[in-house]
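This report goes through one protein chain, from its overall make-up down to single residues. The sequence and model come first.

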Amino acid sequence: METSEKMFDWDEEWNISFAGCGFSSIYYLGALSCILQLVPQLVHGASKICGASSGCLVAAALTVGIPIEQFSADVLTLAKEARKHPLGVFHPTFSLLRTVRDSLLEKLPADAHLRASGRLCVSLTRLADGKNVLVSEFDSREELIQALLCSCFFPVYCGFIPPSYHGVHYMDGALSNNMPLFEQRNTITMAPFSGESDICPREGTFNFLEAQHSNVSIQINTGNVHRVCTSFLPPRPEKLAEICHNGYMDALHFLRERDLLGTRCLPPSLMVETDACCELVKEVAQAEESKQTLLNGQNPQQEDHRWLGLHVTGNLPAGIKKVLCEACRDSPCGDTQWSRVTQLLPVRVLLCVLSLLMLPVELIFFLTKSSSSNSDLRARTGGHRNIKPLTSTITPNSNETLHWEDNMNVDFFSLTSVCSGPSNFPNTPACGKETLNEVKQTLHPPETRQKAKKT
């Protein structure tokens with residue numbers, strides 16, 4: 001009886017819901033790589049794919065067709081960019097929301113709103129009253145991007161001015177409903193925190209303390225405390241790769257528990273241990289094979305996993321594995337003498353104090369660089385001119401009237417004429433809108449021109 005209750009019902013519509021979790025969203029990418037590898041219909045056949053905060057970005061990537069390998073690379077790049085600053089995501093020169101917006105503008109296809117409408121469900125929290133709003137219809141690509149940004153805006157962490165959607169200010173959807181559509185029986189819930197979600201980490205011990213936050217079950221233990229910190233403060237790429245692998249294994253446990261694998265053969269890496277790694281590491285190992293053999297006679301295969309351990313790369317698909325290896329390749333090695341020194345508490349405190357002392361200097365440099373770039377932009381686009389739009393309305397039997405200023409100068413960039421009927425001017429359309437691009441000119445009123453003719 002217990003087994004039948006756990007079995008997945010393919011006859012009913014099902015949904016997938018992702019909880020907001022910041023940088024820990026790479027956990028979902030590992031879980032999705034497992035599902036797409038073994039039971040892809042579970043994702044492709046979902047009626048609605050929901051999410052809040054960073055979870056809605058994962059849901060949007062699935063609905064519009066962005067490969068999870070590309071999304072994984074974006075998460076790792078964002079985490080590495082945030083770690084470059086002394087204060088991480090809290091550094092004034094780093095804007096998390098602006099970086100997410102630039103990535104959405106670059107990666108979302110032109111018809112993303114058409115693909116997402118009716119299938120993507122985004123959780124928003126209205127700023128005025130704190131009520132939850134679920135959005136699943138989008139009229140344009142820009143409207144979709146704005147809804148995603150509103151759901152990702154965590155106050156103070158992402159800034160102080162919340163974005164707006166349809167003229168209403170919203171903030172992080174995880175503050176009011178972190179698991180959209182969780183109440184429906186056939187909704188597959190995912191969260192990187194150990195609790196009662198369908199796909200989540202398993203602590204392996206009994207835990208009687210549990211908290212319910214915005215429809216997400218979270219056990220109170222030291223593991224979840226660390227996971228919450230990881231969501232806000234991005235760890236090293238090696239740790240993110242480990243989180244991704246944990247998501248893969250937890251999703252595999254879910255598929256087995258719900259009897260969704262059937263007679264499908266598991267990947268060879270899950271049946272027997274293999275030392276196969278991504279093509280990136282193989283190419284580097286082959287390039288250094290002769291050199292290593294001549295220098296120390298060691299087996300070059302020992303260096304295959306110098307960026308990631310076999311326990312992390314062994315089960316992941318090749319695409320995800322390659323992305324993780326590339327991200328960890330540029331990361332400094334964690335077992336060097338300098339890294340061991342920097343892990344000492346007095347050294348870390350000293351580095352933190354020095355970072356705070358250097359913060360005003362960095363701010364001055366950032367503001368100076370921004371102002372100089374803006375001045376160069378104005379110089380290239382003619383920003384020193386007094387640009388004003390001048391609009392005149394032309395009726396069938398009226399003359400064009402211009403507004404004269406006291407200094408006898410008319411500065412305009414574009415002259416827009418709107419006619420409401422047949423025009424008496426040649427080469428002018430009967431109705432419509434015509435824009436003429438002009439440069440700055442000094443004109444004289446008719447009275448001045450008549451005096452000039454008399455003299």
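## Terms and overall make-up

Helices and strands are here DSSP runs, numbered from the N terminus: a helix is a run of H or I of at least four residues, and a strand is a run of E of at least two. With that definition, H166 lies in the loop between β5 (164–165) and β6 (168–172). The model is predicted.

The chain has 18 helices and 14 strands. Of its 455 residues, 42% are buried. Among contacts with a separation of 6 or more, 68% join residues 24 or more positions apart.

## Helix α4 and its contact with α8

Helix α4 covers residues 54–64 and packs against helix α8, residues 141–152. The axes of the two helices are 8 Å apart, at an angle of about 150 degrees. Angles over 145 degrees count as roughly antiparallel, and α4 and α8 are therefore roughly antiparallel to each other. On the α4 side the contact is made by S54, C56, L57 and A60; on the α8 side, by L148, S151 and C152. By class, this contact has 5 nonpolar and 2 polar residues, and no charged ones.

How many residues of α4 are buried? The count is 11 of the 11, so α4 is largely enclosed by the rest of the structure. Just after α4, G65 takes a positive phi of about 95 degrees.

## Aromatic pairs

The structure holds 8 aromatic pairs. In the pair of W10 and W14, the ring centres are 5.3 Å apart and the planes stand at 85 degrees, so the pair is edge-to-face. Is each of the two tryptophans buried or partly exposed? W10 is partly exposed, with a relative accessible area of 36%, while W14 counts as buried at 6% relative accessibility.

Elsewhere, F90, F154, Y157 and F232 form one aromatic cluster.

Most residues other than glycine have a negative phi. H166 is not a glycine, yet has a positive phi of about 60 degrees. At 57% relative accessibility, H166 counts as exposed.

S214, also not a glycine, has a positive phi of about 50 degrees. The place of S214 is the loop between β8 (210–213) and β9 (216–219). Is S214 buried or exposed? At 14% relative accessibility, S214 counts as buried.

D9 lies in the loop between α1 (2–6) and β1 (15–18). D9 is partly exposed, with a relative accessible area of 23%. Which residues does D9 contact, leaving aside its neighbours within four places in sequence? The contacts are with R185 and N186. D9 and R258 are 249 residues apart along the chain, and their C-alpha atoms are separated by 9.5 Å.

S72 is part of helix α5, residues 68–83. With 1% relative accessibility, S72 counts as buried. Not counting residues up to four places away in sequence, S72 touches L29, I320 and V323.

P234 is found in the loop between α9 (222–232) and α10 (237–257). This proline counts as buried, at 10% relative accessibility. Not counting residues up to four places away in sequence, P234 touches F23, A79, A82, R83 and V89.

A further C-alpha separation is given for P234 and L78: these residues are 156 places apart along the chain, and their C-alpha atoms are separated by 8.9 Å. Helix α5 spans residues 68–83, and A79, A82 and R83 are among the residues that P234 touches.

Methods
Residues are numbered from 1 along each chain as its sequence is written. This is a predicted model: local features need pLDDT of at least 70, side-chain atom pairs count only at pLDDT 80 or more; totals for chains, interfaces and linings use all residues. Side-chain values use heavy atoms; hydrogens and water are left out. Axes are lines fitted to C-alpha atoms, for helices over the stretch in contact, and angles run from 0 to 180 degrees between N-to-C directions. Angles under 35 degrees count as roughly parallel, over 145 as roughly antiparallel, 65 to 115 as roughly perpendicular and the rest as oblique. Contact means heavy atoms within 4.5 Å. Ala, Val, Leu, Ile, Met, Phe, Trp, Tyr, Cys and Pro count as nonpolar, Asp, Glu, Lys and Arg as charged, and the others, Gly among them, as polar. Buried means under 20% relative accessible area, exposed over 50%, partly exposed in between (1.4 Å probe, protein chains only). Rings of Phe, Tyr and Trp (its six-membered ring) pair if their centres lie within 6.5 Å; planes under 30 degrees apart count as stacked, over 60 as edge-to-face and the rest as tilted.
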